[in-house]
Each structure stands twice: as structure tokens, then as C-alpha cells.
Amino acid sequence: MASNELVRILHSKSGATASVHPFGATLTSVRTGAGEELLFVSRDARLDGTKAIRGGVPLCFPQFGRPDEGMPQHGFLRNNYWREVEGSRFDDDGAAGVSMELELGDVVHSRGGKWDEGAGLDARITYSVRIKGDGFSTTISMENTGDLPWDFQVLLHTYFLVSEGAALDGGTCHVTGLGGYAVTDKVTGEEYVLGDDPITIPDTLVDRVHAPPEGKLDLDVTIAAGPNKRLSLTASGEVDGTKVPVSGVVWNPNKEGAAKLGDFGDDQYVDMICVEPGLLSDIPVLEGGKSARFTQVVTRLDA
């Protein structure tokens, strides 16, 4: 029987800690060596395996959103139990970590579309979490273990905890580093190129995809997550050894959206901002026997 017992990591040298829920391999907590929590999890999140966990770092694959309507939104990684890779735990001077694994044959929820049972596709997904005193990194490795090629999207839906409930205060909560990216606003339908002004959370739902300009591959942004809390987020990806462009999504449900989410506290939108790196466009298909990797690195600045 699947267990909901958290996989806990301690970096002995710095005192940093992390917790991974086996359902979805969802990273639900990262505390720096100074004891500061970096991730947001809703107080109403379901932690019993009945629904994807609202908060932390949910994993979206093989699609972001629902471009394939035959498959549930965001794919199947976040809705199934993963297993800890035997012998993967480590704790040394530089970092501590663990790896989790999911094979397509063990997926029992949220398959469909071209990934439905009997469709002939196969995959093995490994997710590695590393922590150190001032932050964490996550790497998702996707291996095509079958003969047929498959296309995919992958995204790390990271919920950052905003201190002092300041998510709507543009002076202390904003994202920089996406100037020149092509924006698709999923709320208004608008499309435009972003200028250099910081991205802030106004008094309305925010859900925007930022695609990089030509020639830009890695993502490199700074997140102000409340007073005196700044984070660096970098992300990079590769398919069969070739680097691919990384997009970034910024999301906050705001008051109207939060009220519609049964697993999200009505007033908690002021406590979080999602900044989500992903491989969403111009991603080549993955041939049989080949693999792809996607990594994000989050560092607490000025700690």
C-alpha cells in the first residue's frame, strides 16, 4: 500500500532541511540553514493522495495545462505515488539530497490521450532534490524507455512563500529578469513583449507564460518574495544532450481565483507567488532510448 510518509532530508553541515511527499514526488518544504521556509503549501492542501498537492513544487509532465484534452491537466507525475531510489540519499559537506523514481507502468492516475494505456509509449522519470544552506535544486530526468518517440512539455510549478503577506505589494514582491520575453496572458488573451519593468501581482488573477527571445536558452530571474527576502532562480534544460529554451510562468490566483479553489485558503493568495520554469515550446521529440533533463536552482540572496 502506498505511504504518505514524508521523505525528509537534512544537510548536517548547514542545518538546512527539506521534505518530499511521495505522492507526486512533491517537494513540500525547504528550510535554509537559517531556518527560513522558502516554499508555500496551502493550509487546505490534500496530503492523503486524493489530489495533487496545492503548493511546494508540483511536477507537470508530459503537458502543461491541457493542450491534449484527452489527458488531465498538467499530466500524470503529480497524481501518482513515486518510490525513493535505493541508495540515492546523501549528506556531505556541499549538499544533501535524495532521488525519487516513477515508471510509466506504475502510473495508475491521470493517463490519457497519446499517453493512454496501450498507446505504445514508455518512460522512466527520475527526480532529484538537493539542498544546502542557502537554497535547493531540483532535476527531473525523463528517459524514453520505449521504441516510439514522444513529444513533451515539462514544468516545475514552484510555489514560493511570500513573507509578511506581501504578495500584492509590488515594492516588495516582484520578478525581474524576463525583459524581452514574449508574453501570453492566459487570463486576458493578450500577447506582447515584456519590457524591463518588474512583474508585480496586481489586484487580479495573474497567469502569464513568458517565452524567451530567439537565442536565449537558460532562465535567470530574481524573485522578491516579501520584505528582505530575495531569491535567485535559474533553470536549464537539454534534450539528448542539446540545450533547449526555458520559458517562465508567473501565477497568482488572487482573491477571485483563490475562492474557486477548494484546496486553497481564501485569504492565502497574499502569501505566495508561483514562478514556474518550464520546457514549453521549441522542444524536440525524444527518441527511443534517449533522455532529457531539466534543472532549476533556487538560492536565497542576501541571507
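Ser 137 lies in strand E9, which spans residues 135-143; strands here are DSSP runs of E with at least two residues, helices are runs of H or I with at least four, and both are numbered from the N terminus. With a relative accessibility of 13%, Ser 137 counts as buried, the term for under 20% relative accessible area, with exposed over 50% and partly exposed in between (1.4 Å probe, protein chains only). Leaving out residues up to four places away in sequence, Ser 137 touches Ser 128, Val 129, Arg 130, Gln 296 and Val 297, a contact being heavy atoms within 4.5 Å.

The model is predicted, with local features requiring pLDDT of at least 70 and side-chain atom pairs pLDDT 80 or more, while totals for chains, interfaces and linings use all residues. Residues are numbered from 1 along each chain as its sequence is written, and side-chain values use heavy atoms, without hydrogens and water.

Among contacts between residues at least 6 apart in sequence, 68% join residues at least 24 apart. Of the 303 residues, 52% count as buried. The C-alpha atoms fill a box of roughly 50 × 45 × 40 Å along the principal axes.

Aromatic rings also pair within the chain. Rings of Phe, Tyr and Trp (its six-membered ring) pair if their centres lie within 6.5 Å; planes under 30 degrees apart are stacked, over 60 edge-to-face and the rest tilted. The count by this rule is 12 aromatic pairs. Ring pairs join Phe 61, Phe 76, Trp 115, Trp 150 and Phe 152 into a cluster.
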